[in-house]
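Hi,

Here is the structure I promised to pass on. Have a look at it first, and my notes on what turned up follow below.

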Amino acid sequence: MKIAILNCLQANTVCTGAACLKAFNSKTRHFARYEKEPLELVALARCNGCEAGIDGGFREKLDRIVSEGAQACHLGVCTVRRGTGQECPVIRDAAAYLESKGVSIIRGTH
């Protein structure tokens with residue numbers, strides 16, 4: 001199974017990606033569903049920020065996720081705006097775009 005991980009740019013302030021990769025490599029947390037199948041991480045990406053939205057550069061990243069054959073894209077927990085409980089609209093729109101291209105969306109990594 002080919003997997004991508006997508007996070008909000010705001011996650012850069014606190015996120016190294018270590019917990020996502022640890023869960024991926026050990027097939028725990030949201031990756032436990034793949035316990036019995038081989039996994040390949042084909043992309044680890046961040047959006048280009050709230051102001052940029054889905055600009056040309058971010059669309060290029062999303063298209064690259066698709067062209068790399070990602071079958072599922074996990075959205076990191078940092079895609080939920082702190083204190084609001086609401087998903088970032090840029091990530092929400094990116095998820096809808098990826099779904100329209102046949103990529104399954106899973107909300108969560110670790």
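Of the 110 residues in the protein chain, 39% are buried. Keep in mind that this is a predicted model.

On overall size: the radius of gyration is 13 Å, which agrees with the value near 13 Å that a compact globule of 110 residues would have. Along the principal axes, the C-alpha atoms fill a box of roughly 40 × 30 × 20 Å. The accessible surface is about 5900 Å², and carbon and sulfur atoms account for 48% of that.

As for the fold, you'll find three helices and four strands, running β-α-β-α-β-α-β from the N terminus. If you take the contacts between residues at least 6 apart in sequence, 76% of them join residues at least 24 apart.

Now the inside. Nonpolar side chains in soluble globular proteins tend to be buried together. Here the largest nonpolar core has 22 residues, and Leu 6, Leu 62 and Cys 73 have the most contacts inside it. At least two residues of this core come from each of strand S1 (2–7), strand S2 (40–46), strand S3 (72–75), helix H2 (56–67) and helix H3 (89–100). H3 gives the largest share, with six residues. There is also another core, apart from that one, with nine residues, including Ile 3, Ile 5, Phe 24 and Ala 72.

One last thing, on charges: the chain has 15 positive and 11 negative ones, and their mean positions are 6 Å apart.

Cheers

Note on methods:
Residues numbered from 1 in each chain as written. Predicted model: local features only at pLDDT ≥ 70, side-chain atom pairs only at ≥ 80, totals over all residues. Heavy atoms only, no water. Rg over C-alpha atoms; globule rule 2.2 N^0.38 Å. Buried < 20%, exposed > 50% of the residue type's maximum accessible area, 1.4 Å probe, protein only. Contact = heavy atoms within 4.5 Å. Areas by Shrake-Rupley, 256 points an atom, 1.4 Å probe, with all protein chains shown as cover. Lys, Arg positive; Asp, Glu negative; His and termini not counted. Charge placed at Lys NZ, Arg CZ, Asp CG, Glu CD. Core = buried A, V, L, I, M, F, W, Y, C linked by side-chain atoms within 4.5 Å.
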